[in-house]
Amino acid sequence: MELQNLVKDALNALYHHPDDAVRMEADRFLQKFQKTLDAWQVADNLLHDSTSNLETLIFCSQTLRSKVQRDFEELPSEAFRPLRNSLNNLLREFHKGAPKVRTQISIAVAALAVHVPAEDWGDGGIVNWLRDEMNSHPEYIPGFLELLTVLPEEVFNYKIAARPERRRQFEKELTSQMEVALNILTACLNINELKEQVLEAFASWLRLKHGIPGSILASHPLVLTALSSLNSEFVSEAAVNVISELIHYTTSRESGGVQVQMPLIQVIVPQVMNLKAQLRDSSKDEEDVKAIARLFADMGDSYVDLIATGSDESKLIVQALLEVAAHPEYYIASMTFNFWHSLQVTLTRRDSYISLGNESSIEAEQNRRLHIFRPAYESLVSLVSFRIQYPRDYQDLSYEDLKEFKQTRYAVADVLIDAASVLGGDAALRILYMKLDEAAACCQNEESEWRPAEAALFGIQAISSYVSVVEAEVMPKVMGRLLKLPQHPQLLQTVCFTIGAYSKWLDAASGGLSILPSVIDVLMNGLAKSEDSAAAAALAFRQICDDCRLKLCGCLEGLFHIYHRAVNGEGTLKVCAEDSLHLVEALSKVISELPPDQAKRALEALCLPVVSPLQEVLSQAPEMLNNRPARDFTVHIDRFGYIFRYVTHAEAVADAIQRLWPIFKAIFELRAWDMRTMESICRACKYAVRTSGRCMGTTIGEMLEKIQELFKQHHQPCFLYLSSEVIKIFGSDPLCADYLRNLIESLFQHTTRILTSIQEFTSRPDIADDCFLLASRCIRYCPHLFIPSAAFPALVDCSLIGITVQHREASNSILTFLSDIFDHANSTEGAIYSPIRDTVIIPRGPSMTRVLIAALTGAIPSSRLENVTYALLSLSRTYGAQSVEWARGSVSLIPLTAVTEVERARFLQALADAAAGVSVNSLSVPLEELSDVCRRNRTVMEIVQGALRPT
């Protein structure tokens, strides 16, 4: 009684006390209480207490529901019947009470049925029991109907701590009782006020996808009731849910598919088609129109393969879907967008016609279908394109509203792309150009109405990948129009984006070279107009220099002028540092097309405006340098990174990095403590190594010596990251073996000294991540240096400490490292290292297996199961029966209350199959099921982890 009063007092404090600290303390107490064994009895008592207020009833019903779902195993087996009876009494008591409380109790009863097999439940299982209860106590039917509704939903509720096998059995129990459930619901149709509730329950049972023949469902009273409800003055939400579920049901694999369910489809489709006129009925409630639109969208999505055949009936459905797409409310129109995409994929994908056999038949049928649906997609372009137009009050939109508008534009752009895929880009372009031409005629200056022209251009930009690069009818007109449009900021931004999107056309077009100067003038205006237009113009410069690089080789002087202004921040250009990288990339790609001697000189010119500010910064006194923000360095270093990445002349880049090495070395020495600066310079060095390769000469040796020296002092993860790139490029080079061996041993020696406990892994996950990525690179590119080294066993020991780190990337890198060891062992190249590897792995095999099983069963989040599963199966494949015995020893530590003998045996058999050579891809399910079993609730997971924890 005292605990009950404490719970009441805590609830009163939580909801009504003015002091935040008191409310937080009450919340902590209640959360702690819910985890106790006493919570069962206290919650039950308070629910039966007539003096409990609504807050208490809601909390206790939620507590009891949660306890049944997660902690049922806490109770002795004999507690089941008293618990069922108490819940049944509560269901009766609240059959007209608070809906929230009744729902929680209903879910609790359903969860109880998931835990308890039908033979233990008695009365032929829960559905038969429920039928008998409803027959015996008709006054409580509303409450029992809610239970009947939530019952099938619990099949898919993974909050319930049921074993996978029991969950499958429960689904079979319910599907075997489908007829009984539908008979109960049919009988309840006689109670008129319960019709909505009956239909909701029917929709819930349909989600089980049990294979009831379409011929039976087509004339079933529940189906006929739902269909008739569609024609009432107010569309029934429950009826819509039923028809929607029936549509999905007819195409599900479990129901037998379309052919088996055709009698039902032939009943549903005409009834839904009869609702078409209501889409245009202005007197109809918007929610009703939304419900009807949903049915048409569901029909389109589910029957897309039938519709794609192009029959007369399918054309009618497509016309109805066009009407939905034309609805003024976007959230209604957008319901059809997925259908237009699915239909496009079906029409254009060759696999859709593979059954026709020969190529000529396939081509003829595809052309026939594309011809049939061409008018629909032409209409679709016109129907949706207006939605991408800026609203008049766009400047007053909130951040969230503007974000939503942009998402709408992207969604509509996807629909235009689908239309272009069916019509062909050139045909879609003609439709959109007509809109541009009409809008541009009214857009003569910056004060004119610019929004329709911008919308048309946005659409033209969206389909750019589908327009032929040799299109000569419309694209010249488009370019002519957009070059003359006024320079309103939003319009100019889209003009710049469109120019960039058609850079390949500019390169291929016969008149492309002649209009490039005008195009560059427009982009210069974009660079100067606003930050948004400058970003678009910089991107367009990059795209044009990428695709038109050969044409622009003779224009380097002008391009360098633009580049200098942007990089040095001169004049009126509004290019931010991040966007200026597009211009760096643009010039780098043009320089890549020059002959080697010219490229070398151009590269020097490209580096000059980047070198100068860095030299100026580095000339300051050391104490001033230490106070400079990282951005003063990274802005310039990132530009070097882009230059080294996109200039493809290996010798020119190698020469540049050799000249620049004194500056880079100074930055390494002066800012080694600064993570952001080191990440930037290591990234630049990575690209220099990748581009230059073996042309780097002595610079690479100096670079590696410097990062070895600095890693000992500062432990920057990016030094490991840079070393990974070096290993990839030079790992197999015999001339580099000595200094790479020194690099590996030095870096790994210091890393393993840092990562000596799980706490260190947790506090420095970035080092762990890059360390084991580097180790994996060593296995792939220089095993002859790595596996015989002292670093190899030290890293294996280190990995066993860190596998269970909660940082996702670090954990995945460690697991990948272990998998790479095992996979390398099974390769032809890896066989020669077997004696060395076995002396490291076999003594550690039991503990390695134990920690991997701990990870599988709850030590790390379930989202990483794929990597753990693969590592375990790879270990079994490599070490055979020996690894299975290691696993047997580990799982034998887990008490039988947590994992049964059958579950253990299934897990061990999967490992044995992997050891025998069965593909690991087919063996993951038993391992995942062991994971589910051990994670089914907090108590079990703690028991399992405690058993597997090293003593």
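At 44% relative accessibility, aspartate 123 counts as partly exposed, a class between buried (under 20% relative accessible area) and exposed (over 50%), taken with a 1.4 Å probe on protein chains only. The structure is a predicted model, in which local features need pLDDT of at least 70 and side-chain atom pairs count only at pLDDT 80 or more, while totals for chains, interfaces and linings use all residues. Residues are numbered from 1 along each chain as its sequence is written, and side-chain values use heavy atoms, with hydrogens and water left out.

Aspartate 123 sits in the loop between α7 (118-121) and α8 (126-136). Its phi is positive, about 60°, although aspartate 123 is not a glycine. Lysine 209 also has a positive phi, near 55°, and is a residue other than glycine. Lysine 209 is placed in the loop between α12 (195-206) and α13 (214-217).

The protein chain holds 51 helices and 0 strands. Both are DSSP runs numbered from the N terminus: helices are H or I over at least four residues, and strands are E over at least two. The C-alpha atoms fill a box of roughly 95 × 75 × 70 Å along the principal axes. Of the 951 residues in the chain, 55% are buried. Contact means heavy atoms within 4.5 Å. Among contacts between residues at least 6 apart in sequence, 74% join residues at least 24 apart.

Two helix pairs were examined. Axes are lines fitted to C-alpha atoms, for helices over the stretch in contact, and angles run from 0 to 180 degrees between N-to-C directions. The axes of α21 (residues 337-348) and α23 (residues 399-423) come within 9 Å and cross at roughly 25°. The two helices are therefore roughly parallel to each other. Angles under 35 degrees count as roughly parallel, over 145 as roughly antiparallel, 65 to 115 as roughly perpendicular and the rest as oblique. The crossing of α21 and α23 is left-handed. A crossing has this hand if the near helix is turned anticlockwise from the far one by less than a right angle, and is right-handed if clockwise. On the α21 side, the contact involves Phe337, Trp340, His341, Gln344, Leu347 and Thr348. These meet Ala411, Val412, Val415, Asp418, Ser421 and Val422 in α23. By class, the residues of this contact are 7 nonpolar, 4 polar and 1 charged. Here Ala, Val, Leu, Ile, Met, Phe, Trp, Tyr, Cys and Pro count as nonpolar, Asp, Glu, Lys and Arg as charged, and the others, Gly among them, as polar.

The second pair is α27 (residues 489-501) and α29 (512-529). Their axes come within 10 Å and cross at roughly 135°. α27 and α29 are therefore oblique to each other. Their crossing is left-handed. Helix α27 contributes Pro489, Leu492, Val495, Cys496 and Ile499, and α29 contributes Val519, Val522, Leu523, Asn525, Gly526 and Lys529. The contact of α27 with α29 has 8 nonpolar, 2 polar and 1 charged residues.

Helix α30 has 17 residues and reaches 25 Å from its first C-alpha to its last, close to the 24 Å expected at 1.5 Å a residue. The expected span is 1.5 Å times one less than the number of residues. Buried residues of α30 include Ser533, Phe541, Ile544, Cys545 and Asp547. The buried residues of α30 pack against α27, α28 (503-508), α29, α31, α32 and α33.

Helix α32 (residues 556-568) has 13 residues and should span 18 Å; its end C-alpha atoms are 18 Å apart, which agrees. Its buried residues are Leu556, Leu559, Phe560, Ile562, Tyr563, Arg565, Ala566 and Val567. They pack against α29, α30 (531-547), α31 (549-552), α33 (577-591), α34 (596-618) and α36 (631-646). Just after α32, glycine 569 takes a positive phi of about 70°.Three further positions complete the account. Asparagine 157 lies in the loop between α9 (141-153) and α10 (164-176). Asparagine 157 is buried, with a relative accessible area of 16%. Leaving aside neighbours within four places in sequence, asparagine 157 is in contact with Gln69 and Arg167. Serine 883, in helix α48 (residues 865-891), is buried at a relative accessible area of 2%. With the neighbours within four places again set aside, serine 883 is in contact with Leu875 and Ser876. Glycine 480 is found in helix α26 (residues 475-484) and is partly exposed, at 29%.
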